[in-house]
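Please look over the sequence and the 3D structure shown here before reading on.

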Amino acid sequence: MQNFTTKIVNLMKSEGLYASQGGPIILSQIENEYQNVEKAFGEDGPPYVSWAAEMAVGLQTGVPWCMCKQDDAPDPVVSYLTFFTLKTN
């Protein structure tokens with residue numbers, strides 16, 4: 001994961017795509033709803049959340065990082081919820 005994330009971040013940086021470089025990317029996400037499966041990993045679950053957050057922030061993108069639906073996301077990573085409204089006729 002670290003190799004892949006680093007590769008993608010470096011590609012975005014090389015193209016000047018982060019808002020900190022004048023580009024359109026204003027936010028990056030490092031995990032998506034991991035909390036839903038975190039308990040399955042037992043004691044290894046919470047340390048992974050910390051590791052992923054530290055690794056992402058350490059890439060110094062100049063934009064905030066977030067984790068979707070992750071109550072224990074460590075600062076400065078932002079945790080958020082998504083809500084979708086479905087309309088039926």
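The sections below describe a predicted model.

## Helix α3

Helix α3 covers residues 45-57, which makes 13 residues. At 1.5 Å a residue the helix should span 18 Å, and the C-alpha atoms at its ends are 19 Å apart, so the two values agree.

The buried residues of α3 are Gly 45, Val 49, Ala 52, Ala 53, Met 55 and Ala 56. Viewed down the helix axis, these buried residues fall within an arc of 165°, and therefore they line one face of α3. The elements that cover them include two helices, α1 (2-14) and α2 (35-38). Strands β1 (28-32) and β2 (65-68) are also among the elements covering the buried residues of α3.

## The nonpolar core

The largest nonpolar core holds 15 residues. Val 9, Ile 30, Trp 65, Met 67 and Val 77 have the most contacts inside it. Both α3 and β2 supply at least two residues of this core. The largest share comes from α3, with five residues.

Ile 30 shows what such contacts look like in detail. Leaving out residues up to four places away in sequence, Ile 30 touches Met 1, Thr 5, Ala 52, Met 55, Ala 56, Trp 65, Cys 66 and Met 67.

## Thr 5 in helix α1

Thr 5 is part of helix α1. Is this residue buried or exposed? Its relative accessibility is 11%, under the 20% cut-off, so Thr 5 counts as buried.

The side chain of Thr 5 reaches the backbone oxygen of Met 1 at 2.8 Å. Apart from neighbours within four places in sequence, Thr 5 is in contact with Ile 30, Met 55, Leu 59 and Trp 65.

## The cysteines

How many disulfides are there? The count is zero. A disulfide needs two cysteine sulfur atoms within 2.5 Å. The closest cysteine sulfur to that of Cys 66 belongs to Cys 68 and lies 7.7 Å away, which is too far for a bond. Cys 68 is likewise in no disulfide, since the nearest cysteine sulfur, that of Cys 66, is 7.7 Å from its own.

Cys 66 has a relative accessibility of 2% and so counts as buried. Cys 68 is buried too, with a relative accessible area of 2%.

## Backbone details in the loops

Most residues other than glycine have a negative phi, and most peptide bonds are trans. The following residues depart from that pattern.

Glu 33 has a positive phi, near 60°, and is not a glycine. Glu 33 sits in the loop between β1 and α2. With a relative accessibility of 26%, Glu 33 counts as partly exposed. Lys 69 also has a positive phi, of about 55°, without being a glycine. Lys 69 is found in the loop between β2 and β3, and its relative accessible area of 27% makes it partly exposed.

Which residues are joined by a cis peptide bond? The bond lies between Asp 75 and Pro 76, with omega about 5°. Pro 76 is in the loop between β2 and β3 (78-80).

Notes. Residues numbered from 1 in each chain as written. Predicted model: local features only at pLDDT ≥ 70, side-chain atom pairs only at ≥ 80, totals over all residues. Heavy atoms only, no water. Helix = DSSP H or I, 4+ residues; strand = E, 2+ residues; numbered from the N terminus. Expected span 1.5 Å × (residues − 1). Buried < 20%, exposed > 50% of the residue type's maximum accessible area, 1.4 Å probe, protein only. Arc of directions from axis to C-beta. Contact = heavy atoms within 4.5 Å. Core = buried A, V, L, I, M, F, W, Y, C linked by side-chain atoms within 4.5 Å. Polar contact = N/O pair within 3.5 Å; in protein donor to acceptor, adjacent residues only side chain to side chain.
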